[in-house]
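Reader: Please show me the chain and its fold. I would like to ask about it piece by piece.

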Amino acid sequence: MEVVIASSSTDAGIGCWELQTGAEQLRYKSCASPSHGLTSVGNRFLASSQITSSSSGSILYWSWSKPHVEVRSFPAEPIRPLISNSHGTYLIGGGVSGHIYFWEVTTGRLLQKWHAHYRGVTCLALSDDDSLLISGAEDGHVRVWSLFMIFDDVRREETRHLYEHSFSEHTLRVNNVVVGYGGCNAIVVSASDDRTCKVWSLSTGKLLRNIVFPTIIDAIALDPGEHVFYAGSRDGKIFIAALNADCSSSSSYGMHIIGLLSDQSKAVTCLAFGVDGVTLISGSEDGMVRVWDTMTHNITRIFKHSKGPVNNILVVKQPDSFNLPNTQVPSTKRRGSLVVPPLDKYLDFTDETKDIEAVIAYQETCKRPLDPSYVSFHVMMNHIKEFQKQDSSAATEMDVERLKLECKRSVQMVQQWKKLYENLHQFCVNELLDGVQSGGTNVDSS
């Protein structure tokens with residue numbers, strides 16, 4: 001079962017609904033999140049940034065089975081966007097000053113901090129292999145950061161700048177960024193107050209497509225097949241834009257815009273896809289969460305947030321510790337209490353265990369795009385060696401991930417051999433047919 005999670009910029013808490021049945025689940029209290037400030041940490045618990053003033057803020061944790069905040073952290077500055085890597089081992093936050101913060105979840109340690117933008121960070125996204133971080137900001141820039149570079153002190157000192165790419169074609173604030181599949185060969189789509197969405201190539205750093213919309217776009221979601229993307233606008237429409245196909249300017253909405261979803265709601269603030277790749281969930285300023293069937297363009301379900309505009313939506317697999325309202329047990333008996341510590345406010349250079357962090361540098365051959373599973377495999381091997389030196393149980397978890405990657409690579413290799421076999425078989429059949437036809441021609445001529 002999938003669960004839709006929605007939060008608001010007002011202190012309206014976090015609402016949860018089962019996507020398939022529409023049943024409302026536990027409502028989490030005391031949350032007023034900024035846009036892009038809500039994340040699921042490894043599907044183990046929820047985390048959200050909170051901004052109380054221009055100079056102070058907090059990061060809150062909720063376990064799945066309890067409505068109240070369990071852990072409070074107070075970073076050095078207010079954090080807007082907050083994301084976690086796929087395994088929930090790290091939290092990454094973007095500050096209002098333009099800094100990016102990188103925390104380790106299990107210890108709460110601030111592992112790295114760097115100045116990423118001239119103005120506040122507005123949105124963050126990770127590539128599907130968790131090796132690249134993409135940030136957008138109020139300064140109109142979209143920047144790509146290699147986490148290998150960020151944690152390599154030697155390379156950091158040698159390079160002129162830390163980012164891999166800096167896309168500066170937007171003229172106003174960047175509102176959202178999303179990343180496709182393919183690691184360092186993926187595409188990035190960005191939306192801005194300048195009424196454009198731009199499609200970028202991570203491997204070449206080039207602009208692939210620029211799409212102008214009739215109004216400002218605040219939210220984007222990539223179709224899992226990456227044929228189109230959906231763009232939520234401030235006039236309540238969700239535009240459908242083509243990623244690859246050449247579209248004529250005869251469209252009534254503009255170049256490359258091939259359709260829309262609309263029910264005359266207020267501004268669309270956030271979008272997310274369900275696992276099936278067909279269900280699209282949208283949140284808007286009217287406090288409604290709408291579930292769309294992208295095949296029929298119809299609304300199949302509507303959820304009502306308690307109050308205030310919806311500005312964040314997550315779609316996650318239902319955790320085991322979820323309890324429906326009619327089956328809730330007393331909080332003292334609920335499972336799933338958090339045991340993670342608060343996040344550190346500052347870097348601690350005196351920490352003797354800091355050398356556990358693996359410093360990983362790209363090899364010279366990585367100047368060209370590589371298979372992301374190959375890169376991740378060697379990164380994990382270095383991590384495992386470091387953890388084993390420290391006699392850490394984390395090495396076991398890393399070993400499991402290494403085996404998963406090896407399995408994935410083996411499957412890919414089998415598919416490649418299968419393709420080669422099919423090509424060879426087709427070649428032989430063609431040669432045989434050509435020989436038979438030639439033989440028939442010789443007989444006729446004789």
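Author: Strand β5 (residues 57-63) has seven of its seven residues buried, so the rest of the structure largely encloses it. Buried means under 20% relative accessible area, exposed over 50%, and partly exposed in between (1.4 Å probe, protein chains only). Strands (E, at least two residues) and helices (H or I, at least four) are DSSP runs, numbered from the N terminus.

Reader: What kind of model is this, and how are residues numbered?

Author: Side-chain values use heavy atoms, without hydrogens and water, and this is a predicted model, where local features need pLDDT of at least 70, side-chain atom pairs count only at pLDDT 80 or more, and totals for chains, interfaces and linings use all residues. Residues are numbered along each chain as its sequence is written, from 1.

Reader: Which residues of β5 point opposite to S58, L60 and W62?

Author: In a regular strand the side chains alternate between the two faces of the sheet. In β5, S58, L60 and W62 point one way, and all residues on both sides are buried. Pointing the other way are G57, I59, Y61 and S63.

Reader: Which residue stands opposite W62?

Author: Two strands pair if DSSP finds at least two bridges between them. Strand β4 (residues 45-51) pairs with β5 in the antiparallel sense, over seven bridges. A hairpin of five residues joins β4 to β5. The residue opposite W62 is L46.

Reader: What is the bridge partner of Y61 in β6?

Author: Strand β6 (residues 71-73) runs antiparallel to β5. Three bridges join them. In β6, the partner of Y61 is V71.

Reader: Is Y163 buried, partly exposed or exposed, and at what percentage?

Author: Y163 lies in strand β14. Strand β13 (residues 142-146) runs antiparallel to β14, joined by four bridges, and W145 stands opposite Y163. Y163 counts as partly exposed because its relative accessible area is 21%.

Reader: Which residues does Y163 touch, beyond its neighbours within four places in sequence?

Author: Contact means heavy atoms within 4.5 Å. By that rule, and with those neighbours set aside, Y163 is in contact with R143, V144 and W145.

Reader: Which residue stands opposite I257 in β22?

Author: Another open sheet has four strands in the order β19-β20-β21-β22, paired antiparallel. Strands β19 (217-222) and β22 (257-262) are at its edges, each with a single partner strand. Strand β21 (residues 237-242) and β22 pair over five bridges. Opposite I257 stands A241.

Reader: Is W417 buried or exposed?

Author: W417 sits in helix α4 (residues 394-445). Its relative accessibility is 58%, so W417 counts as exposed.

Reader: How much of the chain is buried?

Author: The chain comes to four helices and 27 strands. It has 446 residues, and the buried share is 51%.
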